Every structure is written in C-alpha cells, then in structure tokens.
Amino acid sequence: MPSLFTWTVRVYYEDTDAGGIVYYANYLKFFERARTEWLRSLDIHQQDLLAREGVAFVVRSASVEYLAAARLDDDVKLTLAVEKLGRASVQFAQQAWRGDTLLATADVKVGCVDAATMRPRSLPDLAAAKMRAA
C-alpha cells in the first residue's frame, strides 16, 4: 500500500466564490501545494532541480471529482499517495477532506521534462530514489 502524505490548508476569502464556497479550480491549486510540500518533505526542491539538473515537473493530466463543498475558514486536509512511479513520470492519487467528509478526489500525472526543450526526460536519480523510499 502506498505511503500517505498529508498537508492542511485553510480556506481564505480569495479561495471562494461569491457564495463563500471554494471555487472548483482552487482544488487544483490545493493539490499542487500538497505535491510541492511532499517534495519538500523528501528534501527535493524544484528550484534546485531546475538549476542543477535542468529539469522541471509539469502536469500531464488531471482528473478531479467534486463531492462536497469546502467553505471560508475550513481547514482542508489534503492527502496524496504515489500510485505509480515511472522512469519520467509520477501518478498521484489525491484527496481533500474536511473532517470526515471527503470533498474532492484527483488523479494527477506529473511528467519530468528537460526545462530547455520541454521534452520528457528521466527523473534525476537522487529524486527518484527519495520518491521510491517514501
């Protein structure tokens, strides 16, 4: 079973629509932040990868299912698990929770690319090793 990473975000006014409900596209931002914090927890820093290895991570695909609404001032727990670690990509299963209520789920595929050409390339060895160990 994949290891589960969790990170919590508070819903701010800027995250909501006129009705005080989190705007649907902001869940993608929340999920992105959770993936970034997961990388940081593994001591993988995207700026370092860009500067030293010339690589970047890009979202190749994202599928989100919305189940319930988050509202202003809610604490939203974000989870992620690596479903598949490929040579040049990572497939994530992500969820957003308010307490015991599942708000949204996402399947996100992230690719590793050469930053100069935007062509796929292998994950750097050290980053891949840290991801596998997690």
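Predicted model: local features only at pLDDT ≥ 70, side-chain atom pairs only at ≥ 80, totals over all residues.

Biologist: Okay, so how far apart are the closest N and O atoms of E32 and R35?

Modeller: They are 2.5 Å apart, and E32 and R35 form a salt bridge. Both residues sit in helix α1, which covers residues 26–41, and because they are 3 residues apart there, about one helical turn separates them.

Biologist: Is R35 buried or exposed?

Modeller: R35 is buried, at 8% relative accessible area.

Biologist: What does E37 pair up with?

Modeller: E37 makes a salt bridge with R40, and their closest N and O atoms are 2.9 Å apart. This pair also lies in helix α1, again 3 residues apart, or about one turn of the helix. E37 counts as partly exposed at 22% relative accessibility, and R40 is partly exposed too, at 47%.

Biologist: Why do such side chains pair at all?

Modeller: In general, side chains of opposite charge can pair when their charged atoms come close.

Biologist: How many salt bridges does the count come to?

Modeller: The count comes to 5. One of them joins the side chains of R10 and D75, at 3.4 Å from N to O. That pair links distant parts of the chain: R10 is in strand β1 (residues 5–10) and D75 is in strand β3 (residues 75–85), 65 residues apart.

Biologist: And how accessible is R10?

Modeller: R10 is partly exposed, with a relative accessible area of 36%. D75 also counts as partly exposed, at 40%.

Biologist: Let's zoom out. Which helices and strands does the chain have, and in what order?

Modeller: It has 3 helices and 5 strands, and from the N terminus they run β-α-α-β-β-β-β-α. The radius of gyration is 16 Å, close to the 14 Å the globule rule gives for 134 residues, so the chain is as compact as a globular protein of that length.

Biologist: What share of the residues is buried?

Modeller: Buried residues make up 36% of the 134. As for contacts with a separation of 6 or more, 66% of them are between residues 24 or more positions apart.

Key:
Residues numbered from 1 in each chain as written. Heavy atoms only, no water. Helix = DSSP H or I, 4+ residues; strand = E, 2+ residues; numbered from the N terminus. Rg over C-alpha atoms; globule rule 2.2 N^0.38 Å. Buried < 20%, exposed > 50% of the residue type's maximum accessible area, 1.4 Å probe, protein only. Contact = heavy atoms within 4.5 Å. Salt bridge = Lys/Arg side-chain N within 4 Å of Asp/Glu carboxyl O.
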